[in-house]
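Here is a friendly walk through one protein chain and the two ligands placed with it. Have the sequence and the model open beside you as you read.

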Amino acid sequence: MKFINIFYLILAILINLIYISLLFFQIKLKYKKQLIRLLITIIITNIILFSIYYSYYAQIFFSVIFILHLLPFFPNKEKNSFYNFPENYDERKNMFSRNNLKNYPALKEKYYKIYPEHLKFDNKLHKMPEIGSSSNKYYHQYKSKIADANFITTAKTAKNFREDISPTTEKVDFSPEELTKHIIEMAKYSGAIDISINKLDKKYVYSYHGRQAYNWGEEIKLNHKNVILIFVPMNFYDIEKAPNTNVIIASSSAYLEAAKIAYLISEYIKLFGYEAKPHIDGNYDLLCTPLAGESGLGTIGKSGLFLHHKFGSLIRISAVTTNIELAYTPQIKKTYHLDNLCRICNNCVLNCPTKSIRQQNNNKYYVRQETCFAYWKTIGTDCAKCIKVCPMTKPDTLLFKCFKFYLSRNLITQKLGLLLNNLFLL
Ligand code: SF4
Ligand code: SF4
């Protein structure tokens, strides 16, 4: 008993010291709400710790409460309730596509005949400096060019690998299960953190090409039945600096890695006698985000980004489509806790510098891509504040694996975890 009491006393002193140091060095005192929350947390923690120190019954009581509060419990199992993605979206409406139009007057004329409502805003956008220009807020003479080099490499290789998607040989015998297993192993060996293989939901295939001038306006006819999604992590420590040039380096590097793995898988499948098409940054025939939302590996957050059950939105996605027979990857049934986390969290909405993440009347959210993209052009990098402030954006270390496990238990742990996140980890 004595030993336990001394242990709790030392714990109480240590926790108080941590609180005091946080108060003085880390908490931004201008946030009155945060300060009040911190003071309440200090008072409650001290009451608990000192009652444990003085009473054996309190030790039993709080131990039982602690174990009980870790039980997984979710009253609401509704999935993907924050977004309605459009079916067969016209890629020409994407902000990158619209931004490119300033270099192609003939395409520009055609586009604004179809979508005249975009002309006024896009005229302003076209006058802004491009991402990577020396007048951008976060322009860095050396770092900005690393991102450019990543994007150029991705674009140049895309041309080679997407031009010929036909099989390299005659059809050969294979086992779909064995082939799937090797595709997953190969992808993970090359740096993917997860893979999903599913039937391709055709409603998420774009209707018309829009990103590249050479096929702009062509109708997309993708007859593949299966889609392999490849998830590649971004570097947490770069995203943590958002908005900053490091973010566009993290993002462009992950896109390049994701592209490389998509090429490898495509070439591998082609060696079994089937077509395979890689879909990579700037050269997708489909919307990866809703497909990822249906993959069973996570959900779509209020930010409009895919929230992976382990890595949150700290990822970039590429894809391969094919007709080869594959074993579909199992759906992880317990990712609904992410929807519930999103329901009680509003970090991305509140911290978006352009207030681009907006709520519609029916509790659905949408991202106003015009204001978001204009901000990227102003600062010269991906903004990524919505990724940075998400409680699921954490390094892949043991401590933060425990934190994410805590966030996946129930609404009580999620509320406490969010409080902890917003006070100490943002
Ligand atoms: S990237 Fe930045 S501006 Fe765009 S939605 Fe996210 S937080 Fe808002
Ligand atoms: S920041 Fe919060 S609300 Fe936004 S996606 Fe992440 S969990 Fe959801």
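## The chain as a whole

Please keep in mind that this is a predicted model. Its secondary structure comes to 17 helices and eight strands. The radius of gyration is 24 Å, close to the 22 Å that the globule rule gives for 426 residues, so the chain is as compact as a globular protein of that length.

Of the 426 residues, 35% count as buried. Contacts also reach across the sequence: among those between residues at least 6 apart, 76% join residues at least 24 apart.

## A four-stranded sheet

Four strands come together in an open sheet, and reading across it gives the order S1-S2-S6-S3, with antiparallel pairing. At the edges sit strand S1 (194-199) and strand S3 (276-279), each of which pairs on one side only. From one strand to the next, the twist averages 20°.

For a look inside the sheet, find strand S2 (residues 226-233) and strand S6 (residues 315-322): they run antiparallel and are joined by eight bridges. One pair to pick out on screen is Phe231, which stands opposite Ile317 in S6.

## Around ligand 1

Which residues are found around ligand 1? Four of the names are cysteines to look for, Cys352, Cys372, Cys383 and Cys386.

Two helices, H14 (369-379) and H15 (385-388), each supply at least two residues of the shell around ligand 1.

## Around ligand 2

How many residues surround ligand 2? There are 14, and the closest are Gly301, Cys342, Cys345, Cys348 and Cys390. The shell has nine nonpolar, four polar and one charged residues.

Helices contribute here too: helix H12 (336-344) and helix H13 (347-351) each supply at least two residues of the shell around ligand 2.

Note on methods:
Residues numbered from 1 in each chain as written. Chains lettered and ligands numbered in written order. Predicted model: local features only at pLDDT ≥ 70, side-chain atom pairs only at ≥ 80, totals over all residues. Near = placed C-beta within 6 Å. Nonpolar A, V, L, I, M, F, W, Y, C, P; charged D, E, K, R; others polar. Rg over C-alpha atoms; globule rule 2.2 N^0.38 Å. Buried ≥ 20, exposed ≤ 12 C-beta atoms within 10 Å, placed from the backbone. Contact = placed C-beta atoms within 7 Å. Pairing = 2+ DSSP bridges. Axes fitted to C-alpha atoms, helices over the stretch in contact; angles between N-to-C directions.
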